[in-house]
Amino acid sequence: MNDRTRPFKPGEHFDVYPGLEQDPYAARGKLPEPAVCKNCGAVHQGGHWRWQAPPKEAEQVLCTACRRIADGLPAGYVHIDGEFATAHHDEVMQIVRGHEARAKAEHPMQRIMSVDEDGTTTVITTTDVHLARDIGTTLKADFQGKLELKYGPGESLVRVHWRR
Ligand SMILES: [Zn+2]
């Protein structure tokens with residue numbers, strides 16, 4: 001199926017993955033094992049990425065997160081806005097960064113790519129859909145507010161909106 005023939009709908013993001021139903025970075029089966037990321041040192045073994053010493057025979061590759069960062073193609077977007085969020089910006093970002101640090105320690109592919117702030121809205125991009133979702137649910141759990149999640153085709157892209 002070719003997405004290019006479908007009309008663009010607000011909330012969809014064909015501009016990010018034109019014509020792709022599947023996550024272009026999900027090609028886990030194609031990765032050799034064991035493998036080590038030549039950029040960040042994450043090790044791919046047993047179907048998982050972990051922070052560990054690479055086995056001697058590990059093949060040098062670029063991991064999913066480093067590829068997304070190099071390509072500038074996030075898997076997740078977290079939009080944060082609202083009066084409370086603006087007034088408590090530092091506190092909110094502390095929760096976000098704390099969550100990322102814990103997630104990344106256990107799941108090397110879960111990283112924040114960028115943080116854009118314009119004084120009223122903060123947009124965080126992530127290398128992983130789960131991290132974006134979990135940042136949203138963590139903010140809602142800690143501060144209440146309103147949380148919306150919109151998934152793109154194949155659930156390979158998520159747009160999270162937390163407002164308070
Ligand atoms: Zn890497």
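Reply: Strands β5 (residues 76-81) and β7 (residues 121-126) run antiparallel and are joined by 6 bridges. Strands here are DSSP runs of E with at least two residues, helices are DSSP runs of H or I with at least four residues, and both are numbered from the N terminus. Two strands count as paired if DSSP finds at least two bridges between them. One of the bridges links Asp 81 to its partner in β7, Thr 121.

Two remarks on the source come before the rest. The model is predicted, and local features need pLDDT of at least 70, side-chain atom pairs count only at pLDDT 80 or more, and totals for chains, interfaces and linings use all residues. Residues are numbered from 1 along each chain as its sequence is written.

The pair belongs to an open sheet of 5 strands, in the order β6-β7-β5-β9-β8, with mixed pairing. The edges are held by β6 (112-117) and β8; each has a single partner strand, so one side of each is left without a neighbour in the sheet. From one strand to the next the twist averages 15°, where axes are lines fitted to C-alpha atoms, for helices over the stretch in contact, and angles run from 0 to 180 degrees between N-to-C directions. In general, strands of a sheet pair through backbone hydrogen bonds, either parallel or antiparallel.

Now the helix. The 15 residues of α4 should span 21 Å at 1.5 Å a residue, and its end C-alpha atoms are 21 Å apart, which agrees; the expected span is 1.5 Å times one less than the number of residues. Buried residues of α4 include Val 129, Leu 131, Ala 132, Asp 134, Ile 135, Gly 136 and Leu 139. A residue is buried if 20 or more other C-beta atoms lie within 10 Å of its own, exposed if 12 or fewer, and partly exposed in between, with C-beta atoms placed from the backbone. The cover over these buried residues includes β5, α3 (89-106), β7, β8 and β9. Cover is judged by contact, meaning that the C-beta atoms of two residues, placed from the backbone, lie within 7 Å.

After α4 comes Gln 144, in the loop between α4 (129-143) and β8 (146-151). Gln 144 has a positive phi of about 60° although it is not a glycine. Gln 144 is exposed, with 10 other C-beta atoms within 10 Å.

The loop between β8 and β9 (158-163) holds Glu 155. Glu 155 is not a glycine either, yet has a positive phi of about 55°. Glu 155 is exposed, with 10 other C-beta atoms within 10 Å.
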